[in-house]
Amino acid sequence: DGCGHTVLGPESGTLASINYPQTSPNSTVCEWEIRVKPGQRVQLKFGDFDIDDSDSCHSSYLRVHNGIGPTRTEIGKYCGFGFQMDGLITSKSNEVTVQFMSGTHTSGRGFLAAYSTTDKSDLITCLDNASHFSEPEFNKYCPAGCVIPFADISGTIPHGYRDSSSLCMAGVHAGVVSNTLGGQINVVISKGIPYYEGSLANNVTSKVGPLSTSLFTFKTSGCYGTLGMESGVIPDSQITASSILEWSDQTGQVNIWKPENARLKRVGPPWAAFISDDHQWLQIDLNKEKRITGIITTGSTLAEYYYYVSAYRILYSDDAQKWTVYREPGMDKDKIFQGNTELYQEVRNNFIPPIIARFFRINPLKWHQKIAMKVELLGCQFSIGRAPKITMPPPPQNKNDDKNDDFIHSVKTSLQTDKTTFTPEIKNTTVTPSVTKDVALAAVLVPVLVMVFTTLILILVCAWHWRNRKKKSEGTYDLPYWDRAGWWKGMKQFLPTKSAEHEETPVRYSSSEISHLRPREVPTMLQTESAEYAQPLVGGIVGTLHQRSTFKPEEGKEASYADLDPYNSPIQEVYHAYAEPLPITGPEYATPIIMDMSSHPSTPLGVPSISTFKAAGNQAPPLVGTYNKLLSRTDSTSSAQALYDTPKGQPGPAAANELVYQVPQSVAHSTGNKDE
């Protein structure tokens with residue numbers, strides 16, 4: 001009769017003396033037999049030890065043994081007020097016996113201890129809180145059985161828990177560890193807040209708490225998101241029930257509390273069963289397998305209808321035909337979840353391990369007045385690569401269970417929608433964990449590729465800009481040693497003939513003139529030694545008769561050869577009328593242009609023609625006619641009288657004065673004695 005709070009799990013547990021933390025009664029005894037898996041050993045840690053030692057551990061003591069039964073051997077015998085045992089007591093086998101004996105005494109709280117297998121080196125007890133650890137973040141192992149009536153917590157997730165709260169009890173409230181299994185917790189310490197909310201979750205009630213200097217939260221896997229009841233992701237057609245409450249109020253209005261009303265935080269009435277018994281159910285089709293980690297429930301949320309469910313069990317299925325009742329690992333009884341204690345408060349329960357299923361049923365077992373509730377499911381997408389599916393042991397078969405199962409499947413009402421369509425096997429439709437690596441790789445490669453392409457574009461733009469600037473600074477025709485005007489005139493020889501309205505009038509030759517042309521006799525000196533005067537930039541044979549001439553004829557008249565040119569050409573090729581350089585022994589001036597006056601007998605006297613050459617002084621050249629005609633040198637004498645200027649250094653007319661050349665004119669002048 002000396003046993004107090006006791007939870008013995010497969011890998012860990014908690015045990016305490018009777019009435020702990022109050023004074024244990026006199027003359028009581030309790031013995032605990034602890035077994036773990038073969039090949040493992042047991043370690044024992046005391047959270048509190050306060051046993052009367054007035055008779056030197058004779059009548060009041062705690063004794064630990066290796067093994068169970070008559071063959072057990074003693075590890076140690078302990079007693080003392082406020083006894084501090086910092087180390088762990090370790091067994092030599094997978095079995096341990098703990099014996100507590102209480103004699104006659106007036107004080108002493110007894111003890112509280114935790115045990116686990118020896119591979120849990122960071123074991124703590126249910127009495128440890130965050131203020132016992134100085135690290136800002138740490139990992140600890142909580143034993144099973146830390147939901148104890150003599151410990152309290154303040155706060156809730158995600159805001160955090162007050163630093164005075166029991167770490168393991170808060171872990172159970174948060175849903176990160178199971179009270180029947182224990183487990184690892186990852187604790188993060190941060191600055192406290194002025195006010196801590198209270199809530200009910202996993203059979204643990206968190207109280208409202210005042211300001212504290214620090215608080216703690218838990219790091220989790222993150223699989224605690226809502227699955228679509230509140231948001232509407234789950235459509236109405238996928239929410240069904242065993243029956244529906246339908247009734248008329250005093251005004252005659254018909255009220256139907258349908259299954260689709262069972263959405264958490266949805267304004268209006270909830271779902272309610274037509275019959276209030278333990279065979280009613282609310283079913284949710286998730287459309288495919290999901291990892292379900294928890295459930296949140298409320299009552300009717302209508303003040304005039306004080307309805308709520310206070311206890312329920314959970315069933316799940318892959319095909320909506322064969323159902324499994326949720327049980328905790330190692331347990332042979334169905335898990336009964338604590339529901340609401342009033343119609344408004346949200347109560348959360350977590351599934352450790354999580355449920356992997358498509359179809360989810362809530363079977364109310366206890367309720368207030370009528371079965372009515374609103375729910376939300378917590379969890380995430382299921383991936384085989386992330387977590388294996390937990391297979392629960394089959395429930396024991398007996399006559400009562402068979403009857404209950406048969407009744408659950410046979411309950412049908414006029415509004416029951418038990419026929420639910422479902423898709424074939426979809427276990428491999430979720431994304432595998434390798435996608436995470438691909439996403440991380442893409443997150444690195446995409447910015448790098450963008451930077452590379454951006455750099456190439458900038459280089460191309462800079463090169464183009466530099467090239468344009470270089471062209472602008474140099475200019476196509478802006479070279480210091482070139483004669484721009486002469487260069488352009490020479491280049492125009494290569495350009496194709498354009499329309500007459502945009503260009504100068506070309507020189508045209510008649511067929512009679514072409515027949516008398518012959519190749520020029522090119523002086524041999526051109527090939528041996530250059531003359532004093534530069535040759536034209538563009539020379540050579542002109543390929544067509546419409547090639548541009550060096551001189552422009554007078555406006556209004558057609559340019560042609562007036563007389564027969566003695567340079568007849570059998571191949572009918574035409575040369576430019578450029579003046580050829582003279583040999584070194586001959587005159588240094590080019591062949592003059594001869595003006596024929598005989599071809600224009602009608603020319604009125606007194607109108608001078610413009611000569612190609614100008615004599616020294618202001619003497620006007622003789623009147624030889626009105627129009628100028630281009631003639632080449634002749635090999636024989638001509639009847640037309642020509643006036644030659646005397647080259648420098650040679651005898652002849654006007655030798656006394658030095659002659660200069662006049663630039664050929666493109667237009668005829670009507671006034672005499674005017675030089676250009």
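Author: Happy to. A disulfide is counted here as a pair of cysteine sulfur atoms within 2.5 Å. In general terms, a disulfide is a covalent bond between the sulfur atoms of two cysteines. The model is a predicted one, in which local features need pLDDT of at least 70, side-chain atom pairs count only at pLDDT 80 or more, and totals for chains, interfaces and linings use all residues. Residues are numbered from 1 along each chain as its sequence is written, and side-chain values use heavy atoms, with hydrogens and water left out.

There are five disulfides in the structure. One of them joins Cys3 and Cys30, with 1.5 Å between the sulfur atoms. Its S-S torsion is about 90 degrees, so this disulfide is right-handed. Cys3 lies in strand 1 and Cys30 in strand 3 (residues 28-35), so the bond ties together parts that are 27 residues apart in sequence. Strands here are DSSP runs of E with at least two residues, and helices are runs of H or I with at least four, numbered from the N terminus.

Cys3, at 38%, counts as partly exposed, whereas Cys30 is buried at 3%.

Next come Cys57 and Cys79, whose sulfur atoms are 1.6 Å apart. The torsion about this S-S bond is about -85 degrees, so the disulfide is left-handed. Cys57 sits in the loop between strand 4 and strand 5 (61-66), and Cys79 in the loop between strand 6 (73-78) and strand 7, so parts 22 residues apart in sequence are tied together. Cys57 is buried at 13%, and Cys79 counts as buried at 13%.

Cys126 and Cys146 form another disulfide, at 2.0 Å from S to S. With a torsion of about -85 degrees, this bond is left-handed, too. Cys126 is in the loop between strand 9 and strand 10 (137-142), while Cys146 is in the loop between strand 10 and strand 11 (155-156), 20 residues apart. Both cysteines are buried.

Finally, if you number the bonded cysteines of the protein in sequence order, the pairing reads 1-2, 3-4, 5-7, 6-8, 9-10.

Notes
Buried < 20%, exposed > 50% of the residue type's maximum accessible area, 1.4 Å probe, protein only.
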